[in-house]
Amino acid sequence: GAIANVVSYLRQRHPKADRPLVDFDTASIFIPVTLLGTVLGVMSNKVFPAVLIMLMLLIVLGYTTWKTMDKGIKLYKIESQLPESGETAPLMSNASEAQVPSDPELSEIVEQESKVPFRTVFILFLFWLGLMTLSLMKGGEAGSVIGVRCGSTQYWLIFAACFPFCIGTSMFFGTQ
C-alpha cells in the first residue's frame, strides 16, 4: 500500500505550477526525523505504563488544540476587519500563464523544480531500507534476525544507532 501510494504521488503534478505535487526538498528533511519519532514512540509505548502514555497523548492533543484555536481566533479577528469588497487577488497564476523568469539562475531553479528528483527519492529509499535493517537487527517481541536478545547491550547499541543515522540523513538533505 505505501509503495503504491509513493508511486502514485510521484506522477501527480502541482495544479498551479509546473512541478511535482510533493515538495521533495521539504520531505527529505522531515522524513528521517519523523521516522526517528516513530522509533522513539514504539520504544516509549513498550517502556512506559499505559496510563503515562495516555497522559502524554492528552497533553500533546490539548496543546495542539489550544494552539490551533488560538491561531484560528487571531485569523478570524484579522479577517473580520477586512473590507467586504468581494474581490480577492489570486495567490498564484495558473501554470499555463506562468512566465519563465529572465534571470538565468532563476530559470535554472524553475527547470530543476519541474522534474521529480529521483536521486532524492532513491536516497530516501536507501534511508528507509537502512532504518528497516536496523529495526530487524534489533528485533523485538518476535526476536532479532541476527539473534540479538531484547534488552542486551547489542540491542541498545543498535537502538542508539538510529539517532545518528536519522539525524545525519536529515542534516545531509538540509545542506543540499
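**Fold, aromatic rings and cysteines of a predicted model**

The accessible surface of the protein comes to about 13500 Å². Carbon and sulfur atoms hold 66% of this surface. Accessible areas were computed by the Shrake-Rupley method with a 1.4 Å probe, and for residues only the protein chains shown count as cover. The model is predicted, so local features need pLDDT of at least 70 and side-chain atom pairs count only at pLDDT 80 or more, while totals for chains, interfaces and linings use all residues. Residues are numbered from 1 along each chain as its sequence is written, and side-chain values use heavy atoms, with hydrogens and water left out.

The secondary structure consists of six helices and zero strands. Along the sequence, the pattern reads α-α-α-α-α-α. Here, helices (H or I, at least four residues) and strands (E, at least two) are DSSP runs, numbered from the N terminus. The protein has 176 residues, and 20% of them count as buried. Buried means under 20% relative accessible area, exposed means over 50%, and partly exposed lies in between (1.4 Å probe, protein chains only). A contact means heavy atoms within 4.5 Å. Among contacts with a separation of 6 or more, 67% join residues 24 or more positions apart.

Aromatic rings were examined next. A pair of aromatic rings is described by the distance of the centres and the angle of the planes. Rings of Phe, Tyr and Trp (its six-membered ring) pair if their centres lie within 6.5 Å; planes under 30 degrees apart count as stacked, over 60 as edge-to-face and the rest as tilted. Seven aromatic pairs were found by this rule. One of them joins Phe159 and Phe163. Their ring centres are 5.7 Å apart and their planes meet at 85°, so this pair is edge-to-face. Both residues lie in helix α6 (residues 153–174). They are four residues apart, about one turn of the helix. Phe159 is buried, at 9% relative accessible area. Phe163 is partly exposed, at 27%. Ring pairs link Tyr155, Trp156, Phe159 and Phe163 into a cluster.

The cysteines were checked for disulfides. A disulfide is a pair of cysteine sulfur atoms within 2.5 Å. The count by this rule is zero. The cysteine sulfur closest to that of Cys162 belongs to Cys166 and is 5.9 Å away, which is too far for a bond. Cys166 is likewise in no disulfide, with the sulfur of Cys162 as its nearest cysteine sulfur. Cys162 is buried, with a relative accessible area of 1%. Cys166 is also buried, at 0% relative accessibility.
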